[in-house]
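User: I have a structure here and would like to go through it step by step. Can we do it as questions and answers?

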Amino acid sequence: MVTPYSMTFGAFTLHFPQRNLTKDGEAVRLGSRALDILVVLVENAGVLVSTRELCDRVWADNVVDEGALRVHLSAVRKALGDGHEGIRYIVNETGRGYRFAVPVSRSVAHSPAPPPHNSSARALPVTLARVIGREDVIAGLTDQLPERRFLTITGPGGMGKTTVALAIAHRFSGQTGTRALFVNFAPVSETSSAASTVASAVGVAVSTGDPIPDLIRMLGDTPVLLVLDNCEHLIETVAELAEKLLQAAPGVHLLVTSREPLRADGESVHRLAALPSPPPGTTPGTNQAREYAAVALFVDRAKAANDSFALTESNVTAVCDICRRLDGIPLAIEFAAARVGLMDVHAISARLDDRFALLTQGRRTALPR
Ligand SMILES: Nc1ncnc2c1ncn2[C@@H]1O[C@H](COP(=O)(O)OP(=O)(O)O)[C@@H](O)[C@H]1O
Ligand SMILES: [Mg+2]
């Protein structure tokens, strides 16, 4: 395909069949949210990205409704010239999500030679929020990675698997110079797309047919850490793929997150525990309470929601109670702390009995993957 027009996103170069992102010869400015949406869709080109996944990726911890997404999507479509000459770039599957539908080819930007670790085809996302606690797990698993090439972090949704995996990958990559690539399987619903999702993350041009041989050839024996995130709905397929890659590409290390282990050959499983909360029946002082990661997370996120929030002798018991009753699950603690802008901690604690309704207010689809 002749593709005279191209755009570069990080290390991707995308070739488009028509001129786009320009209007009357002038570059069209896209807002940062709109650009983020475009990047997520383009990274998953050809794959359906659910509305929730898109909102989560673009707005991170903030709660948004679909209306906001639609406003920004319409700006993206306008900039792309969606619909012009009958070309649809972004296809909406009603009630399910969005797909970047234009046939694009991808290549690793700049150089066909194996890129150095910091210019990976799909670089690790940077976690902006501070990681609280977990130092032992992060240090321990980072130390294990050179020996154990296949680590899986398991635990319920919201427990912090992705957060911990990213912290490990950044540290491992920094310490060893190994290139680290991120593959998110959350939007991949078809088992048949799993291998091509990995292939495109690595920078292999995906065509029809089995991408695994090309993927193995591309990887060769170059050291690389593949972070395979959200594998729970594709366990068997990813297990098989993992075994093939580890066998044929001796430089590959895998760091997997999944609610359940893959039960594949060579896999070491680490079940991620809850963030520690003060034991029931104890009434720690503020300094002592802050030593517990669950409380520290609550305080950090509550301050972000309401900068006048402080942990005091009068609210420490309620905060400890909230953390315990939310089972030390970081996502649940973040939701509860976000309410501090709207109500005081005693009210939050009192309303925890209806915890699902409280925590997911305005974001009813938040708890599934
Ligand atoms: N140790 C931690 N410190 C700070 N925030 C955390 C920590 N663990 C998880 N979080 C936050 O909790 C939420 C859920 O974490 P995530 O890693 O996405 O969980 P999982 O991958 O298990 O579903 C995210 O918003 C993340 O930023
Ligand atoms: Mg996750």
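**Aromatic pairs and the ligand shell**

The structure, a predicted model, holds two aromatic pairs.

User: How is the pair of Tyr89 and Phe100 classed?
Analyst: Look at the ring planes. Planes under 30 degrees apart count as stacked, and planes over 60 count as edge-to-face. The planes of Tyr89 and Phe100 stand at 50 degrees, with the ring centres 6.3 Å apart, so the pair is tilted.

User: Which parts of the chain does this pair link?
Analyst: The two residues are eleven apart, and the pair links distant parts of the chain. Tyr89 sits in the loop between helix H3 (66-80) and strand E6 (90-93). Phe100 belongs to strand E7 (residues 97-100).

User: Is Tyr89 buried or exposed?
Analyst: Buried means under 20% relative accessible area. Tyr89 has 0% relative accessibility, so Tyr89 is buried.

User: And Phe100, buried or exposed?
Analyst: Apply the cut-off of 20% again. The relative accessible area of Phe100 is 1%, so Phe100 is buried.

User: How is the pair of Phe298 and Phe309 classed?
Analyst: Start with the centres, which lie 6.1 Å apart. Then take the angle: over 60 degrees counts as edge-to-face. The planes of Phe298 and Phe309 make 70 degrees, and the pair is edge-to-face.

User: How many residues apart in sequence are the parts that Phe298 and Phe309 tie together?
Analyst: Phe298 lies in helix H10. Phe309 lies in the loop between H10 and helix H11 (316-325). The pair therefore ties together parts whose separation in sequence is eleven residues.

User: Is Phe309 buried or exposed?
Analyst: The cut-off for buried is under 20%. Phe309 has a relative accessible area of 8%, so Phe309 is buried.

User: Now ligand 1. Which residues come nearest?
Analyst: There are 18 residues around ligand 1. Those that come nearest are Ile132, Gly158, Lys161, Thr163 and Glu334.

User: How much of the accessible area of ligand 1 does the protein cover?
Analyst: On its own, ligand 1 has 550 Å² of accessible area.

User: Which helices each supply at least two residues of the shell?
Analyst: The shell draws at least three residues from each of domain 2 (117-271) and domain 3 (286-359). The helices are H5 (161-176), H10 (293-305) and H12 (330-338).

Key
Residues are numbered from 1 along each chain as its sequence is written. Chains are lettered from A and ligands numbered from 1 in the order in which they are written. This is a predicted model: local features need pLDDT of at least 70, side-chain atom pairs count only at pLDDT 80 or more; totals for chains, interfaces and linings use all residues. Side-chain values use heavy atoms; hydrogens and water are left out. A residue is near a molecule or strand if one of its heavy atoms lies within 4 Å of it. Accessible areas come from the Shrake-Rupley method with a 1.4 Å probe; for residues, only the protein chains shown count as cover. Helices (H or I, at least four residues) and strands (E, at least two) are DSSP runs, numbered from the N terminus. Domain bounds come from an automatic or database domain assignment. Rings of Phe, Tyr and Trp (its six-membered ring) pair if their centres lie within 6.5 Å; planes under 30 degrees apart count as stacked, over 60 as edge-to-face and the rest as tilted. Buried means under 20% relative accessible area, exposed over 50%, partly exposed in between (1.4 Å probe, protein chains only).
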